[in-house]
Amino acid sequence: MEIDFVIEKFILVTAIFAISLLIAMYSTYAERKVAAFLQDRLGPDRAGPFGILQPLADGVKMFMKEEVIPANANKWLFMFGPGLAMLCACIGTAVIPWGQDMMIGDRLVKLQVADINVGLLYIFGVIALGVYGVMIGGWASNNKYSLLSAIRAASQNISYEIAMGLSIIALLLVTNSLSLREIVAQQHGWHWNVLYQPLGFIIFMVCAFAETNRAPFDLPECEAELNGGYTIEYSSMKLGFYLFAEYINMFVSSTIMAALYFGGYNYPGMDYMAELLGPTWAPLFGTLIFFLKIFGFIFFFMWVRWTIPRFRYDQLMNLGWKGLIPLAIANIIITGIVIAIVNKF
Amino acid sequence: MGTSVFYFVATLSVICALMVVFAKNPIHSVLYLILTFFTFTVHYVLLNAQFLAVVNFIVYMGAIMVLFLFVLMLLNLNKESEPNKSVFLKIIGVIAGGCLAVTLIGSLKSVAITSPLVLKNPSLGLVESLGKELFGPFMLPFELSSLLLLSAMVGAVLLTKREEKTNG
């Protein structure tokens, strides 16, 4: 293995990790500001101009709080839970193509950590793994509320994973590839997958909301019934990790939606810009556009949270099993038939 | 490098598999089982069977083990609720385990160390070639096994259905 290859990937991984953390940090701020805007309030405005230092203050507060581990908790698993939640949230970004190949000097740099040819399935696997952090933490707390919450989280995730997988199958019929790099590259020039798979996109998005435990599917952390859910026994930075993992998950889900359905780094007038800016800056501009799309989705996540009330548990299960899964199967069949007809003529 | 990675991961698999059996707490057993499956995933990657690796990851680690954990957490098994095993059961367990050990040792004795297997087609485990195999020469067995799974699913749904009261 060449040393410059290792250095290149190391820089890329560090940058992506730092950016994910930064975005998650400012998502907490953005969430409060969006909530304030939607409820006609001001939101945080004390720390720094417009309150932009608020996430830093929150972070320091989290670190300074006393750590409490309940006497009857399973100590190692109690500590392992938040760490696992954080790990699962972060590793999803490894296969995302952040931009086109970029020329730095005379070196071609891929703006993607790992181009594996089962990238889409990898992401699906990481999402499937995400529930363990909640389950282990909820169980290890040795508290009935957190256990109930963990079980809710598990059944919710399993139910919505099925519909999500089925919506991805329909997408695969269109793209013919499992590599995210391929899928994004195919969407060049307005061939965005959302135009071919509108129903699939809606199903995928609803499932993404459920998988990230965001409102209206935030039943695992339902205050009214569960006193805060699986985080009830957690304090200090362990609690911070869980909350942070949720925002990173939101960022990763937004990234996946933008990459799979909304063209990733592709934008109209791309070829013109590529000529104008040259091979170094044009890919970076694409990356910027990609991030704008991601921020759009993150805003949508927040918008929905402060608009739609929470589902009841039976409604959640009904929607998942009797609504989304049949719809996703119908979507696969329709997509298959249309592709067969198009290929024939 | 491949061989040393293999030995490292193989050791981990064996240790985790042993811990599944020896762990006192059923939840810990399941967690070790998850780790075992994860090491299997690494083995598949080392064998260049990417699709199998990811499917093992999604299906076993991501779905089946979540259900295991789910059920165990609901049941909340512990020492007190564990039924007392009689001496008779323990003796039978020892005999059965001994038989298995003898069989394993016997079959291992006849195994000779061979040179590492070289795949004729290194891309055999990739999605494309696997799909072509499954929907080409192995079409019938593939479809039959999917029918089998479907019937199992229908059966499970039927079992959970409440019996209708005949006179009611």
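## Surroundings of α5(A)

The buried residues of α5(A) pack against α3 (75-91), α4 (119-129), α6 and α11 of chain A, and also against α2 (26-46) and α3 (50-75) of chain B. Buried means 20 or more other C-beta atoms within 10 Å of a residue's own, with C-beta atoms placed from the backbone. Helices are DSSP runs (H or I, at least four residues), numbered from the N terminus.

This is a predicted model: local features need pLDDT of at least 70, side-chain atom pairs count only at pLDDT 80 or more, and totals for chains, interfaces and linings use all residues. Residues are numbered from 1 along each chain as its sequence is written, and chains are lettered from A and ligands numbered from 1 in the order in which they are written.

Helix α5 of chain A spans residues 131-140, and ten of its ten residues are buried. Among them are A:Y132, A:M135 and A:W139. A:N142 follows α5(A) and has a positive phi, near 60°.

## Nonpolar core

The largest nonpolar core holds 105 residues. Such a core joins buried Ala, Val, Leu, Ile, Met, Phe, Trp, Tyr and Cys residues through C-beta atoms within 7 Å. A:M135, A:C207 and A:F251 are among those with the most contacts inside it.

## α6(A) against α9(A)

Helix α6 (residues 144-175) and helix α9 (residues 198-211), both of chain A, pack at about 155°, with axes 9 Å apart. That makes the pair roughly antiparallel (over 145 degrees). Residues meeting here, with C-beta atoms within 7 Å, include A:Y160 and A:M164 of α6(A) and A:F204 and A:C207 of α9(A).

Definitions and conventions:
Axes are lines fitted to C-alpha atoms, for helices over the stretch in contact, and angles run from 0 to 180 degrees between N-to-C directions. Helices (H or I, at least four residues) and strands (E, at least two) are DSSP runs, numbered from the N terminus. Angles under 35 degrees count as roughly parallel, over 145 as roughly antiparallel, 65 to 115 as roughly perpendicular and the rest as oblique. Two residues are in contact if their C-beta atoms, placed from the backbone, lie within 7 Å. A residue is buried if 20 or more other C-beta atoms lie within 10 Å of its own, exposed if 12 or fewer, and partly exposed in between; C-beta atoms are placed from the backbone.
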